[in-house]
Amino acid sequence: MKNHKLLLYAVHFFVLSLACYLLQLAGLVFLLYGARIHFWLPALNLANIFFITALLLAALDLSAGVFFPGRKKSLRFAPVSNPGISIGMTAYNDELSIGAAAKDFMSQENVTSVVVADNNSADGTTREGLAAGAKVVAETVQGYGACCVRALREAMKYGEVICLVEGDCTFSGSDLKKLMAYLENADMVLGTRTTKELNTPDSQLNTSILWGNVLMAKLLQLRFSTVRLTDLGCTFRVIRKSALEKIIDQLEVKGNHFSCEMILTALKNNLMVIEIPVTLKKRVGESKGVGGNFFKAAVTAINMWRLIMFK
Ligand SMILES: Nc1nc2c(ncn2[C@@H]2O[C@H](COP(=O)(O)OP(=O)(O)OP(=O)(O)O)[C@@H](O)[C@H]2O)c(=O)[nH]1
Ligand SMILES: [Mg+2]
């Protein structure tokens, strides 16, 4: 897949130039009202430099596309030959939800097993997971990313399709068939939580998390140009085992921006990625992630931005 990093940089320089043009306007207004502050000229010079840089970068990127056109992806119809789905479920002090979440996914068609990755829980998460009939493994490296990778690695042992999902009852097992339907045409199918009609009114997706996610997703979309993305923070996804084998050793992020890294890595490895709407409910039990915590959400967004720009 073509990598439009220069175009991504161009957009950033363009935004910077717009900010400087606005600053220059503010400088002129100050002068008009008699203030002796002369920052309008440096602001205008900077704006021009940023604007020209943006144009050059965009032109370079687009001309590279003309002279070195990437290989176009052909439409694929590849039914999953053995549709056994193995669920990898994340959990961290989720004793209130893990049993119900495990049972919900276990009862879905073609699900072969549910593996819960228990991330140093101090409560009865392991007990409740086992009682629900799930396999439970202990992941000692703390962090959402570390927990996801462990869940994926364990789930890979039990099926040709791996589903990653949270054990907090925000996602619904009945959505699995929707993700599976599109796997026929893709290597990985991601859920997006941004379809408001599919969210309960009390779900974690408030306005700032929604639009922050959309913004980051659009930056990643710009970098790889052909994929339509709206949500980089949705854990719920299915991936073919053969595709996961290609990328799993490249996944390094231990923290909350892991989902973004997995999508980016899949795209860099030329995997076919599709995103479809899924339902979202209020989590059961206490939130440990970004839901309702603006500071954590902002740090996660900055970490995602760094990945998209520089990884
Ligand atoms: N935040 C966090 N989540 C972890 C960790 N280890 C495992 N998890 C699990 O990974 C998932 C994190 O999902 P998030 O949606 O970011 O956080 P959350 O705790 O579910 O809270 P909400 O944001 O309200 O959904 C949950 O299933 C957690 O139980 C960890 O160290 N930190
Ligand atoms: Mg959650």
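Is D168 buried or exposed? With a relative accessible area of 3%, D168 is buried, where buried means under 20% relative accessible area, exposed over 50% and partly exposed in between (1.4 Å probe, protein chains only). This answer comes from a predicted model, in which local features need pLDDT of at least 70 and side-chain atom pairs count only at pLDDT 80 or more, while totals for chains, interfaces and linings use all residues. Residues are numbered from 1 along each chain as its sequence is written, chains are lettered from A and ligands numbered from 1 in the order in which they are written, and side-chain values use heavy atoms, with hydrogens and water left out.

The chain contains 10 helices and 7 strands, taken as DSSP runs numbered from the N terminus (helices H or I, at least four residues; strands E, at least two). Its C-alpha trace spans about 75 × 45 × 35 Å along the principal axes. Of the 311 residues, 48% count as buried. The accessible surface amounts to about 15,100 Å², and carbon and sulfur atoms hold 64% of that; such areas come from the Shrake-Rupley method with a 1.4 Å probe, and for residues only the protein chains shown count as cover. Among contacts (heavy atoms within 4.5 Å) with a separation of 6 or more, 77% join residues 24 or more positions apart.

Like D168, E166 counts as buried, at 17% relative accessibility.

A nitrogen atom of ligand 1 is 2.6 Å from a polar side-chain atom of N119. Oxygen atoms of the ligand take part as well: one lies 2.8 Å from a side-chain N or O atom of Q142, and for Q204 the corresponding distance is 2.8 Å. The protein covers 94% of the 590 Å² of accessible area that ligand 1 has on its own.

Helix α1 (residues 5-32) includes S17. S17 is buried, at a relative accessible area of 0%, and, neighbours within four places in sequence aside, is in contact with A47, F50 and F51.

Note on methods: Polar contact = N/O pair within 3.5 Å; in protein donor to acceptor, adjacent residues only side chain to side chain.
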